[in-house]
Amino acid sequence: MAVVFEKPKALANVPLHYCPGCTHGIAHRLVAQALDALDCADNTIGVAPVGCAVFAYDYFNCDMQEAAHGRAPAVATGIKRVCPESVVFTYQGDGDLAAIGLAEITSAAMRGENITVIFINNAIYGMTGGQMAPTTLVGQKATTAPYGRQLVGQGSPIRVSEMIATLDGATYVERVSLHDAANVNRAKRAVEKAFRRQIEKKGFSMVEILSTCPTNWGLSPVEALNYIIKEQMLPVYPLGVLKEE
Amino acid sequence: MAKVLMKGNEAIAEAAITAGCRHYFGYPITPQNEIPEYMARRMPQVNGTFVQAESEIAAINMVYGAAGAGARVMTSSSSPGISLKQEGLSYIAGAEIPCVVVNMVRGGPGLGSIQPAQSDYYQATRGGGHGDYRMIVLTPASVQEAVEMTVQAFDLADKYRMTVMLLGDGMIGQIMEPVDLDAVKTLMAPAVEKPWATTGMKNHPGRNVVNSLYIQPDVLEKVNERLEAKYREVEREVAAHEEMMMEDAQIVLAAFGTTARICKSAVRMARAKGIKAGLIRPKTVWPFPYAAFEKAAEQAQSILCVEMNMGQMIDDVRIAAAGRCPVSFYGRSGGMVPTPEEIVAAIEKAVK
Ligand SMILES: Cc1ncc(C[n+]2csc(CCOP(=O)(O)OP(=O)(O)O)c2C)c(N)n1
């Protein structure tokens, strides 16, 4: 019998702690599949964020470091400078990367660190219970935006990928989504490309992945995929390659 | 090699390279700019890495990553920058990563001044970051001692898997003195294996994880107990001090770093006036050489603590003296440096 699908070897054989319907699990699988495809897990050091993916250090079959909130790109810089021949990646949420860690991600991209950044944009702070993120949509409710995010005083969402793409040091930036199978496949190709480019020493690569947080959005998993990502997020966060050099 | 005349900051940077440090991450701040500038020049010559980070926060997290991957790593800063590094120092302590941090203290609080001060004693010895943790804190009083302590700092860091801070001040950083850098090579301990480092699984058995998160409280409590046992061991093995004219001292000066140097002059001047003065100079302020001060408190009439701050180390001196003799204080702050004459006047007041 032909094997159609297998759990990637680079994904540890432990139950993930994510809520039902959360797409962090899919994103983890895509990273692990890329490490398998490039046969590089034994030469990879990942950096886990502070956020729902904080336990990512237990989920990948490779060496891992757990960073302070937002600091993963700085930690990855340190690792990469010591191990330039290793594959180094960060896996960060939108609070981690787009709020508290904005300086670290921007500067790592500016320096052209040859690392891969997997950026999970679920438009909310999942781990701490659904507070507003810089990526939260205007009008979207969060526990710290109980009336919905207000344009005046809270501003409109930050598009980090577009910002990062303006930096010469960033050579590959793509935004993908996990809201249906076709898009998951596209995301898979993007993640693998981001890692492959690092191995080819092509410089800083980042893949932004639009993700769900059904628990904090207060929606069923299917509603979350359809309603929020497809109808609400895509117009604000258009998919596609923002930069490839 | 003969002795060469070097600025404290540059001598420390070169000593770090001698100690095998090939990765330096920093951010400019006076009065320690010569360290990043020297590293920017020297690291490429020794196949090392210099990164000017976007902030002290980033710099200390680069240290975390690089030292977590097993390298000998250093960063340096001065007071406001060291405040920003506290988050990283706490994570480094939790993850038990060895690293060396130089702090050329300047006057505070806030933006303060750029002149020498010792007002970050509490921050260095009590921990400015969160959680139950310690750093080894070495306090050089000359450029030669600074280079020796730099080498020692890397060895201690690796041995105990913890941060070692070189606590200087603007004076130690900026002063030019003759140093013998060859001599420090003989002080180096054999390299320590780092089987825990994240270098990729092909380089070690199993999977290595550098982490400070222990979500189960009972597990974290065990970690804290293990750390505490390590810190007790460091207290026994690492505490160091120097004594001057202590045999018959009736008034004992307590001072570290730059202030201790000035106190040495003051002790000689007081002796010339017939006052039996002596000095205890902690070379480590964590662990603090309590035993030396316990003994002094038995023998002397009083202890005079002299610092370039409003009175911080005096807390440790009082803990040691435990009421056995009076402990008084003389200090200058804000970047002001006490003169020997001022200290002699304080001695005369204390013995009256
Ligand atoms: C310095 C610091 N500030 C705040 C927190 C609390 N905190 C933990 S996770 C988190 C938000 C994470 O949100 P995000 O990065 O969007 O990831 P998600 O949980 O949604 O995957 C915050 C604020 C922390 N751990 N450290």
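Analyst: A polar contact here is a pair of N or O atoms within 3.5 Å; within protein, one atom must be able to donate a hydrogen and the other to accept it, and residues adjacent in sequence count only if both atoms are side-chain atoms. This is a predicted model, in which local features need pLDDT of at least 70 and side-chain atom pairs count only at pLDDT 80 or more, while totals for chains, interfaces and linings use all residues. Residues are numbered from 1 along each chain as its sequence is written, chains are lettered from A and ligands numbered from 1 in the order in which they are written, and side-chain values use heavy atoms, with hydrogens and water left out.

Across the interface of chain A and chain B there are 18 residue pairs in polar contact, both residues being at pLDDT 80 or more. The elements of chain A that give two or more residues to this side are β1 (44-48), α2 (56-59), β2 (63-66), α3 (72-82) and α5 (102-111). Helices (H or I, at least four residues) and strands (E, at least two) are DSSP runs, numbered from the N terminus. Helix α3(A) gives the most to the side of chain A that touches chain B, with seven residues. By class, that side has 16 nonpolar, nine polar and eight charged residues. Here Ala, Val, Leu, Ile, Met, Phe, Trp, Tyr, Cys and Pro count as nonpolar, Asp, Glu, Lys and Arg as charged, and the others, Gly among them, as polar.

Contact (heavy atoms within 4.5 Å) involves 33 residues of chain A and 33 residues of chain B. The size of an interface is often given as the accessible area lost when the parts come together. Chain A and chain B bury about 2,500 Å² between them, 58% of it on carbon and sulfur atoms. Buried area is the accessible area (1.4 Å probe) that two parts lose on being put together, summed over both.

Side chains of opposite charge can pair when their charged atoms come close. The interface of chain A and chain B holds three salt bridges, a salt bridge being a side-chain nitrogen of Lys or Arg within 4 Å of a carboxyl oxygen of Asp or Glu. A:D58 forms a salt bridge with B:R207, with 3.7 Å between the closest N and O atoms. Over all chains the count comes to 34 salt bridges. Within chain A, A:R81 and A:E113 form one with closest N and O atoms 2.8 Å apart. A:R81 lies in helix α3 of chain A and A:E113 in the loop between α5 and β4 (116-121) of chain A, so this pair ties together parts that are 32 residues apart in sequence.

The ligand also lies between chains A and B. It is surrounded by 17 residues, the closest being A:C52, A:D94, A:G95, A:D96 and A:G126; a residue is near the ligand if one of its heavy atoms lies within 4 Å of it. An N or O atom in the side chain of A:D94 is 2.4 Å from an oxygen atom of the ligand. An oxygen atom of the ligand also lies 3.0 Å from a polar side-chain atom of A:N122, and one lies 3.0 Å from a backbone N or O atom of A:I124.

The contact between them takes 34 residues from domain 1 of chain B and 27 residues from domain 2 of chain B. The side chains of B:R126 and B:D316 meet in a salt bridge at 2.8 Å, N to O.
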